[in-house]
Amino acid sequence: MAADTQVSETLKRFAVKVTTSSVKERREILSELGRCITGKDLPEGAVKGLCKLFCLTLHRYRDAASHRALQTALQQLAECQPEVTAKNLLCSLQSSGISSKSGGSSKSSGSAASLALSWTCLLVRIAFPTQDKRHGETWEKLVEVQCFLLLEILGGSRKPVVNGAVKKLNRLWKENPGLVDQYLSIILHLEANQGYAIMLGLLVQFCTTQKDLSTINKHKTALLDFYVKTILMSKTKPQEHVLDNCAPLLRYVSHSEFKDLMLPALQKSLLRSSENAIETISCLLASVTLDLSQYALDIVKGLASQLKSNSAHLMDKAVIALKNLALQCSDPSTVEAFGKHLFAILGGAEGKLTVVAQKISVLSGIGSCSHHAVSGASNQVLSGTMVELFIPFLQQEVHEGTLVHAISILALWCSRFVTEVPKTLVEWFKKAFSLKACTSAVRHAYLQCMLASFKGNVLLQGAEMLPLLIQTVEKAGAQSTQIPLVTEGVAAALLMCRLSVADAQIENKLNSLWQLILDEKKQIFTSEKFLQSASEEVMCTVLQLTERLLLDHECRLPGAKIQQYYKALTAVLLSRSWSVRRLAQQTVRKLLSLPRGFKLACGLLEELKVVLVSHKVLPPEALVTESGELSEQGKTYIPPRILQEALCVIACGPGMEGEPEEKEKLVLEMLLVSSHPSLVARQPGLWPALLIKMKLDPVDFITKHLEKIFDRIIVPQSPMNQSSLNAVGLLSVLLPAKVLPQLISTISASLENPALCLVTQEEFAIMRMPDGELYDKSILH
C-alpha cells in the first residue's frame with residue numbers, strides 16, 4: 001500500500017513538473033519517475049496519462065540532456081509494460097498533431113517529429129523485438145505513425161535533422177534482418193496515402209545500398225502501382241519533398257513497365273490536371289534510368305502544349321520537364337523530331353503565338369532540347385540541323401526581347417559544335433549585324449553566341465569574324481561612355497584574345513585591341529561606371545577577359561596597366577550575385593595557384609582596401625524600400641559577408657605556400673584590412689582565422705614580427721583610424737604579455753610631446769564638437 005502511495009505521489013509530481021523550464025528539475029523528476037516505475041505493473045490509465053505527458057514535452061524540451069533523460073524514462077516504462085506503452089504512446093502521438101496527414105510542416109514541428117521518431121524506434125526494439133510479434137493493429141499503427149513523422153521531418157527540418165532521422169531508421173533496419181520486408185508489406189497493404197511515399201523511398205534506397213534486390217523485386221509491382229495511383233494520378237499536387245523521395249522507387253522501372261504502366265498514366269494525368277501533374281512528371285522523367293527516346297514524341301506532345309499556357313508557373317515547369325526528358329534521349333532522329341515539333345509550334349502550327357511570353361517559353365523548350373544525350377558525329381549533325389531551323393525565325397522576328405532570348409537559346413545549340421561551325425551560321429552572323437532589328441542588345445547576344453560557337457577545335461573558324469570584331473571594339477573605344485557599346489566591345493575583345501593565342505598571324509592584326517586594353521587612362525572595360533551597371537552575363541564576360549589577359553598576355557600588362565584588371569577582378573569577386581561570385585572565386589583560385597600568385601594576391605588586396613575606404617555597415621532598413629525591393633543604395637551596397645568571402649579567397653589560395661617574405665608581407669597587409677569595421681562586424685577574429693588557414697600560428701607570427709606590426713598600425717604624427725584601433729585590440733587579446741607593454745610604451749611616448757601642454761580647454765572643447773556644428777554661437781548675434 002505504501003508503495004502504491006509512493007507511485008501515485010511520484011506520478012502527481014511528474015504531472016506538475018514535466019513542463020518546467022529548469023533542465024535540472026526535469027532530470028530529477030524523470031530520474032525519480034524511472035526509479036518509481038521500474039519493476040512495477042502500472043494500471044493502463046496511469047500509462048496512458050504518462051504517454052500524454054511525454055507528448056507535451058515534444059515542443060518544450062530543446063536540450064540534449066532533457067531528451068536523454070526522457071528517453072531513459074520511456075525505455076524503462078516500455079520494458080516493464082511493452083504492449084500497453086506502445087498502444088498508448090502511439091495514440092498520444094496521433095492525437096498530439098505532430099504526425100498529421102496534412103503535411104503542413106515547420107522547423108518546430110520537424111524537430112518535435114524527429115524526437116518522436118526516436119521513441120517509435122525504441123518501441124520497435126522493445127515491444128516488437130522479433131518477427132512473430134510484428135503483427136496486429138498496434139504494429140500497423142506504429143509503422144503508419146513513423147511514415148507521417150518522417151513526412152513531417154523532411155517537410156520542415158534542417159538538413160542535419162533530416163540526416164539524423166534517416167540514420168536512425170537505417171540503423172534500426174540494419175539491426176533487424178527482415179524488418180524492411182515487413183515494413184514494405186505493412187505500408188503497401190494500408191489505405192494508400194501520399195505520406196507513405198517518403199518511407200517507401202527510404203526503404204527502397206536502403207535495399208539498394210544493402211544490395212537486397214530480392215526484396216525490391218518482391219514488392220516492385222505493388223510499389224509502382226502505389227506510385228501511379230497515389231502520386232502520378234493524384235488529384236492534388238504532391239509536395240516537393242515527397243516527389244524527391246520517390247526517385248529510388250523509379251530507378252527500377254523497366255521499359256515494359258514504363259510503356260504499359262507509366263506512360264498511359266502520365267498522359268492521362270497531364271490531360272486531366274496539368275497544374276498538379278507537371279512537377280510529378282518532371283521528377284519522373286529525371287528519376288528513371290531508361291533511354292526514353294522511343295517514348296519522347298508521345299510525351300513531348302503533351303508537355304509542349306503547356307509551353308503556351310496562360311500560367312507563367314506552368315510554362316516554367318514545362319521547360320524543366322522537357323529538359324529532364326531530353327537528358328534521357330540519346331537517339332538523334334528522336335531529338336531532331338522533338339526539336340522540329342517545337343519549331344512547328346513556334347511557327348504557328350498549333351495556332352499563332354501572339355503573346356511574347358508564349359514565344360519565349362517555346363524557345364526555352366527548344367533550349368531544353370539541347371541538353372540531349374546524343375554524342376559523337378550524330379551530335380554535330382543534329383546541332384547543325386537545329387541551328388539552321390533558327391535562321392528563318394531570326395530573319396523575321398523584330399521584337400528585341402524575343403530576339404535576344406532566341407539568340408541565347410541558339411547559343412546553347414552552338415556550344416555543342418565539336419568539329420565544325422556550319423557555313424550558314426557563320427554567314428548569318430555576318431549578315432545579322434546589318435539588319436535593322438539588330439540593336440545593341442541583339443548584337444551583344446550574337447557576340448555571346450559567337451563565343452559559344454568558336455571554341456576548342458573550331459576556334460579558328462572565328463577568324464572570319466575578325467573585321468566585325470575589330471570594328472566592334474574600335475566603336476567601343478571611340479564611344480567609351482556608351483555602356484551598351486562597351487558591353488559589345490568586351491565580348492568581342494574576349495573572342496579576339498582567344499583567337500590571338502590560337503594563331504600568331506591573327507595576333508599581329510590586333511594592334512587596335514591591345515592599345516585599348518592597355519589604356520590605363522580610359523579604362524574602357526574596367527571603368528567603375530561600366531562595372532557598376534554591368535549585368536551578371538557581362539560581369540562573367542569581364543571575368544573571362546581578365547582571366548585570358550592574366551594567363552596569356554600578362555607580358556603586355558606591365559605595372560600600372562595590370563592594376564585596372566585587378567580592379568575588374570575584385571569587382572566581379574564582390575558581385576551581389578552568388579553565381580557570378582562563385583565563378584570569380586574559382587577563377588581567382590586558379591590564378592593564385594600560378595607562380596605569380598602572390599603578385600595577384602597583393603594586387604587584389606590593394607583593390608579591396610580601396611573599396612573599404614568608403615565602406616560602412618548599413619542597417620537592413622536602409623537597403624530596402626517599403627515594398628521590399630532593393631533601394632538605390634541597396635543595389636550598390638556590398639554586404640560584409642561578401643567582403644569576408646573575397647578576403648578569404650585571396651588569403652587562402654592554393655599557391656600561398658611560396659617565399660616566406662612574400663607570405664609575411666601579405667599577412668601584414670591583411671591585418672589592417674581584416675580589422676576594418678565592416679569586416680569586424682561580420683567576424684571579429686578574422687585575421688587569426690586566416691593565419692590558421694594559411695598554416696601559420698598567430699601567436700608565433702605576432703611574437704616574431706611585433707615591431708613591423710606596430711610600425712604599420714601606429715604611424716607617428718598620424719591619427720589612428722578605427723581599423724588600427726581594432727587591430728591593436730585584437731593583438732592585445734591574442735598576446736597581451738608582449739603587446740600591452742609595447743602599446744603602453746608607445747602611448748607614453750606620444751603623451752610626452754610638450755606641444756600637448758599648450759592645448760587650452762577651449763581648443764579641446766572645439767575639437768570635441770561634431771563636424772559642421774559651431775562651438776561659439778555668440779558670434780552669430
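This is a short tour of the structure, stop by stop. The model is predicted.

**Stop 1: the domains**

Select residues 192-288 for domain 1, 291-453 for domain 2 and 594-742 for domain 3. Now keep domain 1 and domain 2 on screen. Their centres, taken over C-alpha atoms, are 30 Å apart. Domain 1 brings 17 residues to the contact, and domain 2 brings 18.

How much area is buried between domain 1 and domain 2? About 1500 Å². Carbon and sulfur atoms give 68% of that area. The size of an interface is often given in this way, as the accessible area lost when the parts come together.

Together they supply 36% of the area that domain 1 buries against domain 2. No other three residues of domain 1 supply more.

**Stop 2: a span from UniProt**

Select residues 220-353. An unreviewed UniProt entry lists them as "domain: Stalled ribosome sensor GCN1-like N-terminal".

**Stop 3: the largest pocket**

Move on to E528, Q532, A571, T636 and I638. Of the 26 residues that line the largest pocket, these are the closest to its centre. The pocket has a volume of about 900 Å³.

Which elements give two or more residues to this lining? Select them one after another:

- helix 28, residues 528-533
- helix 29, residues 536-552
- helix 30, residues 559-573
- helix 32, residues 597-613
- helix 33, residues 632-636

**Stop 4: the cavities**

Rolling a probe the size of a water molecule over the atoms shows where empty space is left. How many cavities of 30 Å³ or more does the structure hold? Two.

Start with the largest cavity, which holds about 80 Å³ of space. To see its lining, select L550, E554, Y566, L591, L594, R596, G597, K599 and L600. Helix 32 gives the largest share of this lining, three residues. By class, the lining has five nonpolar residues, one polar residue and three charged ones.

Now jump to the second largest cavity. Its volume is about 30 Å³. Select V204, I216, K220, L223, L249 and Y252 to show what lines it. Which helix gives the most to this lining? Helix 11, residues 213-232, with three residues. Five residues of the lining are nonpolar, one is charged and none is polar.

**Stop 5: two backbone angles**

Finish with two loops. Select Q523 first. You will find it in the loop between helix 27 (511-518) and helix 28. Q523 is not a glycine, yet its phi is positive, about 45 degrees.

Then go to K695. This residue sits in the loop between helix 37 (686-693) and helix 38 (698-713). K695 is not a glycine either, and its phi is positive too, at about 60 degrees.

**Before you close the viewer**

Find H255, I278 and L285 where domain 1 buries area against domain 2. Find E528 and Q532, which are among the residues closest to the centre of the largest pocket. Last, find K220 in the lining of the second largest cavity.

Key:
Residues are numbered from 1 along each chain as its sequence is written. This is a predicted model: local features need pLDDT of at least 70, side-chain atom pairs count only at pLDDT 80 or more; totals for chains, interfaces and linings use all residues. Side-chain values use heavy atoms; hydrogens and water are left out. UniProt positions are given in the numbering used here, feature names are shortened, and annotations may be inferred rather than shown by experiment. On a 1 Å grid over the protein atoms alone, a cavity is a set of points where a 1.4 Å probe fits but cannot get out, and a pocket is an open set with protein on both sides within 12 Å along at least five of seven lines; lining residues have an atom within 4 Å of a point. Grid points are joined across faces, edges and corners, and a volume is the space filled by probe spheres set on the points. Helices (H or I, at least four residues) and strands (E, at least two) are DSSP runs, numbered from the N terminus. Domain bounds come from an automatic or database domain assignment. Contact means heavy atoms within 4.5 Å. Buried area is the accessible area (1.4 Å probe) that two parts lose on being put together, summed over both. Ala, Val, Leu, Ile, Met, Phe, Trp, Tyr, Cys and Pro count as nonpolar, Asp, Glu, Lys and Arg as charged, and the others, Gly among them, as polar.
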